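Subject: Structure for you to look at

Hello,

Here is the structure I said I would pass on. Please open it first; my notes follow below.

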Amino acid sequence: MSDLYDPSATARHRKDDGSSEATASAPLVADKSRGVIQMEILASRLDTKYRILLYGAFALLAFTMTLDQYTARAYLTTATSTSFNAHSTLATISVIKALFQSVSQPPIAKLSDYAGRVNAYVLCVFFYALGYVIEASATNIYAYAIGNAIYIIGITGLFLLQNIIIADISSLRNRLFWSIFPSIPGTIWAWVSGNVVTGILATSSWRWGIGMFCILTPALATPIILTLVVGTRAHKVKPEAENGEKSDPVVPVVVTRSFKEKAIHIFWQLDVIGLVLLVGGIGLVLVTVTIANGKVSRWSDAHSIAMLVIGALGSVAFVLWEKFGARHPLLPFALLTNRTVIACIPTHPLASSASQLLTTRTLEVLVAANQSTTSALRITSQPSFVGTLTAVVAGVVTRYTRRLKPLIIFGFCVEILAIGLMIRYRTSTNSQAELAIVQVIRGFGVGCIGFPVQAAIQTEAKHEHVAAITASYLLIYYLSGGIGSAIGGGIWTNLVPQKLDAYMGNSTLAASAYGNPLGFIVKYKVGTPERAAVARAHDETQRIIVIVGLCVAVCGLIASLFIRNVRLPETQSLEDDDETVASQSTVRDAKSGH
């Protein structure tokens, strides 16, 4: 077919029968994307019924995917340590995860604008299920890693589109609350996810623990898809005119294009060149950071230098292309001169980097602190659990104060306090309560940073740019998390084996303790010299990681001081609020001397 629906083609010829057709001069790049038009239609229909259906469905799906996130690390640990005997690949898989989480954000956002939110959502559900099918049936670590990469694209897209859709239909004043609302039911998994993992591993295997989500997630995503399909259907009739009479029916504009014109249209809309430069540039830099921190490769190696240089050049080329060459850029560069955007871009990513550095490894708690699987998962889940509840309270507070900046600064102060306490209360000699309380305190800070910073950066964007600015922000956020994970993994990979070898005096035994720690703790119980050597090596390494994380968190606090303290209106964006527009106009006139 040579007919292509183009929402932006507004130039029409009116016919006698009331229909309309696009002129030959229809633009190749849309002024307003299909995805934004769909959401404007949904927002115009948004009533109590649609709110209950959509937010309820989002909450139900998030409830399931939260269990997935809480248990995935335990299944990964079991798979790499027992099934594949490749525990040393944990850091590499974590960095691959961060890589795909980061570079997949702009393409998914772009696709949701061009093809529509619904089509993008369906595609992400497919990737999620396909990735987990490959993981659950993997016979080696390489197949597992491939499946994990595909799955990461899927789950990242689902959470991104959830954030975008909520931003599309919510006011700035209420956005923080509605953004965190779907995550509320999933907080229960912080307490029972350990029991779920223990039960599944006792009666089945990690393969079934992963495989069950291939069924659950697509089934629970169906109500969301159906609600969006029904809610985003184009209006058959225009709104009533001022004289009370109904206007002519709205007929979709049809642009007649050849196959070549279609290909060019899609090429520019999706910014294919920008995607290649983004994935190649950032991917090579992140991979280099990972392998150069390992035991085999070093920064001075020729291949490390080559990949770093090519990655850096690719990243620079991406920025230049997006600025000067792209007709429809992945990133809204016009917003990068905004003070809040400039401040938010490093603020939460610095917190993410510190978080990845500080994330208590399940194995560290199991091996060094001698905790059960259930206890270990509960302790490591506390920041997320407390952070979610704190964000809910923050959303309610923000509705009445209409300010985000004080909340973000408070969050960083609490985060720094918690990290400082970790220097003392994060060792194998600390009790279960001491290990947990530090994570609880940190959760209060996490809840005041993540979603509030995202809401702050969205306030500066027009509706057309919400998807792009959200994806750009999350790109930097996950990339920083990957760098933090790479740094933490590099410190762990370089120091722990050396310390184990020094404290045990037996290189073979040290290699066994590092390569298969779960099997090691079964053989060597608490109180044995071998177990004490492992605990000491872990404690000393963790202390170094905590100090590095503290320095990063302080940098995040400094960046947060430069965020604008904007009053949040009841509109979807600041440009829709007459009071804000008038205030900004007054400020501009004052600066110009009028």
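Does Phe385 count as buried or exposed? In this predicted model, Phe385 has a relative accessibility of 14%, and because the limit for buried is under 20%, Phe385 counts as buried. Trp191, at 39%, counts as partly exposed.

These two residues belong together. Trp191 and Phe385 form an edge-to-face aromatic pair, with 5.2 Å from centre to centre and 80° between the planes. Trp191 sits in helix α8 (residues 189-203) and Phe385 in helix α15 (residues 373-401), so the pair links parts that are 194 residues apart in sequence. The count of aromatic pairs in the model is 17. There is also an aromatic cluster made up of Tyr55, Phe177, Trp178 and Phe181.

Two arginines lie over rings. Arg536 is over the face of Tyr503, 3.9 Å from the ring centre. Arg424 is over the face of Tyr425, at 4.8 Å from the ring centre.

The last item is a helix contact. Helix α4 (residues 105-114) packs against helix α5 (residues 117-136) at an angle of about 135°, and their axes are 6 Å apart. The two helices are therefore oblique to each other. On the α4 side the contact involves Ile108, Leu111, Ser112 and Asp113, which meet Arg117, Ala120, Leu123 and Cys124 of α5. Of the residues in this contact, five are nonpolar, one is polar and two are charged.

Regards

Methods:
Residues are numbered from 1 along each chain as its sequence is written. This is a predicted model: local features need pLDDT of at least 70, side-chain atom pairs count only at pLDDT 80 or more; totals for chains, interfaces and linings use all residues. Side-chain values use heavy atoms; hydrogens and water are left out. Rings of Phe, Tyr and Trp (its six-membered ring) pair if their centres lie within 6.5 Å; planes under 30 degrees apart count as stacked, over 60 as edge-to-face and the rest as tilted. Helices (H or I, at least four residues) and strands (E, at least two) are DSSP runs, numbered from the N terminus. Buried means under 20% relative accessible area, exposed over 50%, partly exposed in between (1.4 Å probe, protein chains only). A charge sits over a ring if NZ of Lys or CZ of Arg is within 6 Å of the ring centre and within 35 degrees of the ring normal. Axes are lines fitted to C-alpha atoms, for helices over the stretch in contact, and angles run from 0 to 180 degrees between N-to-C directions. Angles under 35 degrees count as roughly parallel, over 145 as roughly antiparallel, 65 to 115 as roughly perpendicular and the rest as oblique. Contact means heavy atoms within 4.5 Å. Ala, Val, Leu, Ile, Met, Phe, Trp, Tyr, Cys and Pro count as nonpolar, Asp, Glu, Lys and Arg as charged, and the others, Gly among them, as polar.
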